[in-house]
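Subject: A structure for you to explore

Hello,

Here is the structure I promised to pass on to you. Please open it beside this email, and then read on for what was found in it.

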Amino acid sequence: MSVLQELLEQGVFVVTAEVGPPKGVDRESIVKKCAQIRGFVDAVNITDNQTAIVRLSSFASCLIVREAGLEPVMQLTCRDRNRIALQSDFLGACALGIENFLCLTGDHQSLGNHPEARSVFDIDSVQLLGIFRKIRDEGVFANGEKVKGEVRAFLGAGENPFADPLEFRVFRLAKKVEAGAQFIQTQAVFDLELFSRWMEEIRRLKLHEKVHILAGIIPLKSLQALRYMKNEVPGMVIPAWVEERMQNARDPKEEGVRIAVETIAALRAIEGVRGVHIMAVAWESIVPEIVRASGLFPRPGQGGGEGV
Amino acid sequence: MQVALFGSDRSLPLWVTEELERMAFSFEVVTPEKTKALLPSSFVVVLGSALLTEDEVAELALRLGVNPLRVAVFPYEEVRDLPEEKCRTLWQGFLRSLVPPKRDVAAFRVTPTRRVLLYPEGDERLCEAFARARIPVVSFPSFVLSRKGVDFHVMPHDIPVGACVLIPSLQEEPPVVLPREVLDTGRVVALERLPQVLGLSSLRKMCVVLLVPSPHPYPEDWERIFALASLPPQGAQVLVLAEEVFVAREGFEEAFRRAREAGVLFEKLPLSRVSLSPSLDMRRVVVTYTPEKDPFPVRCEAHWLVPVSRKTCVLPPFDKVLLSDREVVLELPENPNLLPFATNIPGVFVAWGDVEDLVVTVSRYLEEGSIQEEGRVRVDAERCALCLTCLRSCPTGAIGLSGDLKRCIAVNEALCARCGICAGLCPARAITFEVVHRVLGNHRL
Amino acid sequence: MSLGIIGCERSGFPALCALGKEEPEIWDRIVEVFPVPCLGGVDEETILRILLRCDTLLLVGCPPASCRNAWGSTLAEKRVARVSQLLEEAEIPKRVFCVFANPNRLGELKARVVV
Amino acid sequence: MIVGERKPLREILESLSPYREVLVLGCGACVTVCLAGGEKEAREVAALLRLKGFAAEAASVERQCEREFLVPLREKVPAFQAVLSLACGVGVQTLSEVFPGIPVLPGLNTSFMGAPLAQGVWEERCIGCGECIVHRFGGICPVARCAKNLLNGPCGGSKNGRCEVRPDRDCAWQLIYDRMKALGRLEELFVIQPPKNWGPSRFGAQRKIVREDVRR
């Protein structure tokens, strides 16, 4: 059983972080990022050509992360691979001991750096979860043929509580859970009020008992970063008060961290939230500070106190 | 002017009411329930879909008890999602089309120069007629016309003329073919020779049959034909089998009447319905035909058979006249009485038929210019691809669908503003827009 | 440089004639004159066909606001824009313009026609 | 209907550069209706080509995708060095099959199967996936209208009913949700849609239908 799964099932409030692979073969950059956060997080998400920009493959990066002594969460998107490639990559990863998988639909290629590319979207994230679950639990491929050997995998999915149609979001999550999602990582939370309303719905449907929900956190580095996310990143909701605080802050970075920490504190209070997923894109170095400030350090389990 | 807005209880957007007020319409919103609110004089505007068909509108009018022509459909359903400005303009255009504003055209009207070019030189009857109308005429053996606004300029002399009258020439066409044996009877004479022939022989109980083909035997022939009435001595029976009787000329009506009174029998029928054969004794021609009125064939033995030769009018060579790329086109109608004076080019006329009428037409043109137009939109259902471009782009919502299967484009003449926009947009070129110049006949661009 | 003119019979054509009375010499440049009921009805082909015989073609019509047929002049404007763009693409030196005038406001037309 | 768009004139001129006598052939079906390749456009292009010095002539047929309509051109076509077809890709190919001897050039970019939303606005509605499932989505096709053709609900980018990929377009799933809600059939959206069978779609092989019952 994967460390992440263990911790979650022990009821530990877990912390995961995100590491974006480099636009090249520079494995050192990954190792470096890992070094910065080792001991402060329980697992690391490796993005799969996020925002449709070509990067070192998620699969390879996961292996590098493992060597760096961290627990990888491999992201798989349906954008670039059909059910054949996805299943084989899944098997490959499992064979090499990667156990956590985050199944995503993926950002549309026309928003990335190869807009001329032909998208695949053979299946969507829900179907992907279903296929992986079947491979693991029933030992059969999407087409029903037998899979040799036994597969161990901890399946997760993403969800954005803030996108439209709002009322449908919870049910979509329910679908993912039904399909086989064991943990959920949400879009970055700023609007706590909206988020807790969403969580209420989830509790009403008793979903929080079936799935571990990790709330997303993005530490804001600057006002520009905020503006960019607010306007450019689809499905991102940032309430006005955040913007105000960033604007009036003497030191925006500090303020960003403060906001993140406060948010985490608030999230811990919400029933059903089992952890946080810190997406400090291109600012991994800040993760330790946030984890410390949130009193989530040291991490239990592997590599506890070390790292500093 | 009252307008009753029909078929919409929903609160109307501002642009509807505002424009109405701007155009000083008093209006009220009516529904099927409270149609009594309608004043008999009021105009009913249906805020419906452009897909409302004429029949539906008529039916509605019936329900409202108003004259269908007073019911206009504004394609509200289609329009209302558009940006407000667009709605406004469309709605404006629509309202204007309800009551065409007093055409300020009159104020601008440009009238052609009061001078006429005759080509080739006209005979004195024509010149006199124009002189009487105080319209100076000019003519040149050789020239080039170039359009300058409403006027033409006769180059190289550079004389402005307001109009140009073409004088067609006559061209003999092969006459009606008569069966050999009929010719053998020796009883066939040409119209010109008929008087002498008749003058010679004794005319007791003699029967003369004339075959007059269409199109367009020229007036001289008709003068001769009508003159037969006054043939001495009486008793001869004259039968004129004509495809068309030509009376559109001063005095012809009169002559025609007199001839009939004198017992000349005119029978209007296609010559194809006439059959000829020699009599047994080969001294007469048996003419059999079925008149249009009654179905029973009439048979008579003609002592003299007169095939009037077929003549047709051809325009003088007009290729040297520079009028953009349009050359003068004339489809001659079957009925010579309906010869158009006008051509497809405004300001260019053809002189045939009654000289007086021609002069009147030309002088009216010179007074009014070619500005006043009444257009007509024609849809060629065979070409139409039913793309509904016209229906969607008509500024006055005059275009709808008709037919049981709603597979035909129908233009509501009452609403059509004759702008030709639909014709310009039609991708299948199924819509032709004709400008019918008052008194001028047709011209197309 | 030869001129062709399509004038709407409501404003454009009268305007042209009015101008012609003021400045007769314009006629020496104008090789084509087409009166039409509304500029909106003039399709691209007609425009191009007339362009065959002149260097510049003017569509003279009512100012869009006062066009009797709501969007006739506007439509003409769009067409002209499109055609000019096509001509440019094809690198054809000929030009088409939309001019709004009536006998009471000849300014724009004058500017285009009188050299 | 098939919606197309005239190729940029430059492209057309380039492809025509080796020829002089050109027949511009419009099609009376879909492309006429979408104002891209009807007789009007054919004449328009021909006029342009004439201005450009070509000996161009325009013609149009009922449907270029059917031989029967093209055969009558047997006399006309050989008189030209090339034919510029303003039909969709189907028409162009049928044309070149009927006249193998003459180069047939496409004058149109065949865009999609769609419908006019208003005068001058067309939008895609179907990708011809070969296995229609709109009934499961309240009559709105997520395969054609969702950028990621998601079958199990909207992606995380849907905002104010707009698509994250092209904000000027509706989010298909917003529409589906609203429609199903209105129909009171929301729970149908909660069942997981299995992976779609793309076999009958263009991702399978070239598609072909043979109807023995009507075949001759």
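First, a definition: helices (H or I, at least four residues) and strands (E, at least two) are DSSP runs, numbered from the N terminus. This is a predicted model, in which local features need pLDDT of at least 70 and side-chain atom pairs count only at pLDDT 80 or more, while totals for chains, interfaces and linings use all residues. Residues are numbered from 1 along each chain as its sequence is written, chains are lettered from A and ligands numbered from 1 in the order in which they are written, and side-chain values use heavy atoms, with hydrogens and water left out.

Most residues other than glycine have a negative phi, and most peptide bonds are trans. In chain A, F297(A) and P298(A) are joined by a cis peptide bond with omega of about 0°, and P298(A) sits in the segment after helix 11 (287-293) of chain A. Chain B has a cis bond from Y119(B) to P120(B), where omega is near -10°; P120(B) is found in the loop between strand 5 (116-119) and helix 6 (124-132) of chain B. A52(A) is not a glycine, yet its phi is positive, at about 55°. You will find A52(A) in the loop between strand 2 (43-46) and helix 3 (58-67) of chain A.

Next, the barrel. In chain A, eight strands close into a barrel in the order 1-2-3-4-5-6-7-8, with parallel pairing (two strands pair if DSSP finds at least two bridges between them). On average, neighbouring strands of this sheet are turned by 30° against each other, direction ignored. For one pair, strand 3 (residues 72-77) and strand 4 (residues 100-104) of chain A run parallel and are joined by five bridges. Opposite T77(A) stands L104(A) in strand 4 of chain A.

Helices lie against these strands. Helix 5 (residues 125-138) of chain A lies across strand 3, strand 4 and strand 5 (154-159) of chain A, and runs at about 170° to strand 5 of chain A. Here axes are lines fitted to C-alpha atoms, for helices over the stretch in contact, and angles run from 0 to 180 degrees between N-to-C directions; contact means heavy atoms within 4.5 Å. Helix 6 (residues 166-179) of chain A also packs on the sheet, where it touches strand 5 and strand 6 (183-188) of chain A, and its direction makes about 165° with that of strand 5 of chain A.

How do helices pack on each other? Two packed helices are described by the angle between their axes and the distance between the axes. Helix 4 (residues 83-95) and helix 5 of chain A pack at about 45°, with axes 11 Å apart, so helix 4 of chain A and helix 5 of chain A are oblique to each other. Angles under 35 degrees count as roughly parallel, over 145 as roughly antiparallel, 65 to 115 as roughly perpendicular and the rest as oblique. Among the residues that meet are F90(A) of helix 4 and F132(A) of helix 5 of chain A.

Helix 8 (residues 223-232) and helix 9 (residues 240-248) of chain A pack at about 155°, with axes 9 Å apart, and are therefore roughly antiparallel to each other. This contact involves L223(A), L226(A), R227(A) and K230(A) of helix 8 of chain A with V242(A), E243(A), M246(A) and Q247(A) of helix 9 of chain A.

Enjoy exploring!
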